[in-house]
Amino acid sequence: EGVAPQEYVLIKMEVQPPFTGKLKALEGKKVFLAAATLRPETMYGQTNAWVLADGDYGAYEVSATEVFVVTARAALNMAYQNLSRVPQQPTCLVELKGQDLIGLAVVSPLAKNPVVYVLPMLNIKTDKGTGVVTSVPSDSPDDYMALSDLKSKPALRAKFNVQDEWVLPFEVLPIINVPEFGDKSAEAVCISMKIKSQNNRDDLEAAKKMTYLKGFTDGKMLVGDYAGMKVQEAKPLIKKLLVESGQAVIYSE
Ligand code: A2H
């Protein structure tokens, strides 16, 4: 971790009832996967959520009615940021593995897709953010490659018990135009760099730097309330809208 704190927006992806299996214990609560993002303006293009299949997660009480699914590490940080029912002390209602979350249907703020599914990504770090990531394959090379891998490899889907209908219907959505890369910049960069899979870490780092910088400096919103606006200007407005409407919270570490 760096010296300066990193501020994330936690996107509240609401798990849809009925709750089954280990989640049955949470019946009657509002349960959210809390996805840490630096790009709240991309939420229109969400196609799924990512977790680490063998990662350790828990369902933590944020208030009397709301529960966030995050790592224990994130829950402890949250408890010192007014994001815990009991101040400075996380309350875990159920311990979960990432695999328990795979296949859950979630409803996510601003997403064009009315429902998206929780899927496995191999490169999720459990020592960063919440261990939950929202997937925007149009603008994140990591998300694009991980979704492409699941779409093109039936054996990978089988390994994690991923059903075809959680993956195959979800298309990359154009949400931001970057003059140099077009309307789906992460897809364009991954294709032009001939990146083969999510395991191609060095190329993905390079692709990420390129799309992240250009998306911020030259990007223009194509959809939503701020369509036509520069990403730089829309980003704080969309962040404010999400937080003030209770669909997201600010979290630092
Ligand atoms: B970003 P930084 Cl569209 N493991 O959100 C792996 N990746 C994680 C993570 C974890 N535990 N927690 C957060 N992230 C991802 C959107 C996005 C993101 C777009 C484009 C670029 C991008 C949709 N996914 O990040 O290391 C999250 O993905 C490029 C840096 O703290 C989060 O923002 O700087 C970003 O990495 C945080 O990365």
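The following legends describe close-up views of a predicted model.

**Figure 1. Overall architecture of the protein chain.**
Seven helices and 12 strands make up the secondary structure of the protein chain. Along the principal axes, the C-alpha atoms occupy a box of roughly 50 × 40 × 35 Å. The radius of gyration of the protein chain is 17 Å, which agrees with a compact globule, because a globule of 253 residues would have a value near 18 Å. Of the 253 residues, 45% are buried. Contacts between residues at least 6 apart in sequence were also classed by separation, and 72% of them join residues at least 24 apart.

**Figure 2**

**Figure 3. Strand 3 and the orientation of its side chains.**
Strand 3 spans residues 48-51, and all four of the residues named here are buried. Asn-48 and Trp-50 point one way from the strand, whereas Ala-49 and Val-51 point the other way. In a regular strand, side chains alternate between the two faces of the sheet.

**Figure 4. Pairing of strand 3 with strands 8 and 9.**
Strand 3 pairs with strand 8 (residues 116-120) in the parallel sense, over four bridges. With strand 9, strand 3 runs antiparallel, and three bridges join the two. Asn-48 takes part in both pairings: Tyr-117 stands opposite Asn-48 in strand 8, and Ser-135 is the bridge partner of Asn-48 in strand 9.

**Figure 5. The largest nonpolar core and the surroundings of Ala-35.**
The largest nonpolar core contains 71 residues. Those with the most contacts inside this core are Leu-10, Leu-33, Ala-35, Ala-49, Val-69 and Val-118. Leaving aside residues up to four places away in sequence, Ala-35 touches Leu-10, Ile-11, Met-13, Ala-49, Thr-130, Val-132, Val-133 and Thr-134.

Methods
Residues are numbered from 1 along each chain as its sequence is written. This is a predicted model: local features need pLDDT of at least 70, side-chain atom pairs count only at pLDDT 80 or more; totals for chains, interfaces and linings use all residues. The radius of gyration is taken over C-alpha atoms; the globule rule is 2.2 Å times the number of residues to the power 0.38. A residue is buried if 20 or more other C-beta atoms lie within 10 Å of its own, exposed if 12 or fewer, and partly exposed in between; C-beta atoms are placed from the backbone. Two residues are in contact if their C-beta atoms, placed from the backbone, lie within 7 Å. Two strands pair if DSSP finds at least two bridges between them. A nonpolar core is a set of buried Ala, Val, Leu, Ile, Met, Phe, Trp, Tyr and Cys residues joined through C-beta atoms within 7 Å.
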